Amino acid sequence: MNNINLNWLKLFLCVATSNSFLDASRKLYISQPAISKSIRQLEEELNVNLFYRGNKGISLTPEGEKFLSYVKDASNLLLAAERMICSDNELDSGVLVIGAQSHIVRYYLLSIIEKFRNKYPNITVRIIDLSTRDLLEALEKHSVDLVIDSSPIDTIYNNTLVEPIDYLNTCFIKSSSNQRNITEPKDLLKENIILPLPRSSLRKTLEKELINDNIELIPILEFETEELIIESVKRNLGIGFVVENAVKNEIEEEKIQKIELNYELPKVEINLVYVENYLTKIAKNFIDEFIKKGDVK
């Protein structure tokens with residue numbers, strides 16, 4: 001184990017994720033025989049077979065699968081260390097990697113990124129869009145610098161800090177041709193309801209609030225994106241539940257109507273999630289100067 005060449009690990013990671021010596025050869029501009037030889041040397045040093053080799057190609061052995069998970073973690077840690085060192089010098093270049101789902105980017109984060117880019121035009125901002133669970137895992141493995149996501153956030157990692165930073169208003173919307181009077185939550189029970197998917201934080205937030213008043217909305221349509229909810233409402237297929245910022249223009253243009261309920265709908269809590277010890281100088285600056293604004297709105 002003392003003689004493992006770090007370059008072997010790089011080659012192994014490329015081959016394992018490509019599932020092909022040939023593809024790895026093309027990506028790395030290294031001859032296939034040279035890659036095969038290096039992998040053999042790695043296997044001899046570890047005293048295990050990392051790949052099954054056959055006429056139809058290669059696949060990882062159980063030992064190879066385990067080894068890959070550690071090599072991926074090590075690679076992410078090295079990349080994080082590289083970002084940390086590079087960004088510690090100055091703020092006129094570098095990369096900021098943010099984990100955030102697309103609706104958070106559109107209705108909250110994009111305006112902040114615009115201000116950040118105006119002040120630091122030479123810093124590249126990279127957005128990684130994954131599920132909340134996968135974003136938290138990416139943060140733990142240092143493949144993102146920070147996460148901005150909506151509640152609820154349940155993390156198993158003890159070193160992860162979760163701080164509320166803002167709220168987004170929500171609303172029910174209807175087609176402009178829908179003239180029915182809807183003022184109470186119970187009125188919604190008579191309507192065709194269009195909701196986000198059950199796993200979405202927006203849906204969970206709504207259902208948690210309504211259950212306290214013994215109201216259960218059974219949707220006729222469920223969508224991954226708010227764009228499809230809005231389009232369905234425009235076609236008068238039902239009543240939709242969305243983040244208010246998502247329909248600001250449509251309401252102003254009278255394409256749809258916001259339903260004014262005699263009921264306080266839940267707000268979507270936006271959270272900053274990070275591991276303090278692994279924040280780069282760029283990430284710290286982004287948080288302190290552009291995210292943290294004192295009290296939550």
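Hi everyone, let's start in a loop: tyrosine 29 sits between helix 2, residues 21-28, and helix 3, residues 32-46. Before I go on, please keep in mind that this is a predicted model.

What is the backbone doing at tyrosine 29? Its phi is near 55 degrees, which is a positive value in a residue other than glycine. And is tyrosine 29 buried or exposed? With a relative accessible area of 77%, tyrosine 29 is exposed, because the cut-off for that word is over 50%.

There is a second residue of this kind further along. Asparagine 214 is not a glycine either, yet its phi is positive, at about 55 degrees. You will find asparagine 214 in the loop between helix 7, residues 201-211, and strand 9, residues 221-223. Its relative accessible area is 73%, so asparagine 214 counts as exposed.

Now let me step back to the whole chain. How many helices and strands does the chain have? There are ten helices and twelve strands. The C-alpha trace spans about 75 × 50 × 35 Å along its principal axes.

What about contacts along the chain? Take those between residues at least 6 apart in sequence: 72% of them join residues at least 24 apart. As for cover, 44% of the 297 residues count as buried. The chain exposes about 16800 Å², and carbon and sulfur atoms supply 48% of that area.

A quick word on charge. The chain carries 36 positive and 45 negative side chains. The centres of those two sets lie 5 Å apart.

Let's go inside next, to strand 10, which covers residues 239-243. How many of its residues are buried? Five of its five, so this strand is mostly covered, buried meaning under 20% relative accessible area.

Strand 10 has partners, too. Strand 7, residues 170-175, is joined to strand 10 by four bridges, and the two run antiparallel. In that pairing, threonine 170 stands opposite valine 243. Strand 8 also pairs with strand 10, here in the parallel sense and over two bridges. If you are looking at the structure, find isoleucine 194, which stands opposite glycine 240 in strand 10.

Staying with strand 8, residues 193-196, let's pick out isoleucine 193. Why does isoleucine 193 count as buried? Because its relative accessibility is 2%, and buried means under 20%. Which residues does isoleucine 193 touch? Leaving out residues up to four places away in sequence, its contacts are Leu188, Leu217, Ile218, Pro219, Ile220, Leu221 and Ile239. Ile239 takes us back to strand 10, whose residues are 239-243.

My last stop is serine 20, in the loop between helix 1, residues 6-18, and helix 2. At 17% relative accessibility, serine 20 counts as buried, because the cut-off is under 20%. Setting aside neighbours within four places in sequence, serine 20 is in contact with Val15 and Ile58.

That contact gives us a link for the end of the tour. How are isoleucine 193 and isoleucine 58 separated? They are 135 residues apart along the chain, and their C-alpha atoms are separated by 50 Å.

Terms used: Residues numbered from 1 in each chain as written. Predicted model: local features only at pLDDT ≥ 70, side-chain atom pairs only at ≥ 80, totals over all residues. Heavy atoms only, no water. Buried < 20%, exposed > 50% of the residue type's maximum accessible area, 1.4 Å probe, protein only. Contact = heavy atoms within 4.5 Å. Areas by Shrake-Rupley, 256 points an atom, 1.4 Å probe, with all protein chains shown as cover. Lys, Arg positive; Asp, Glu negative; His and termini not counted. Charge placed at Lys NZ, Arg CZ, Asp CG, Glu CD. Pairing = 2+ DSSP bridges.
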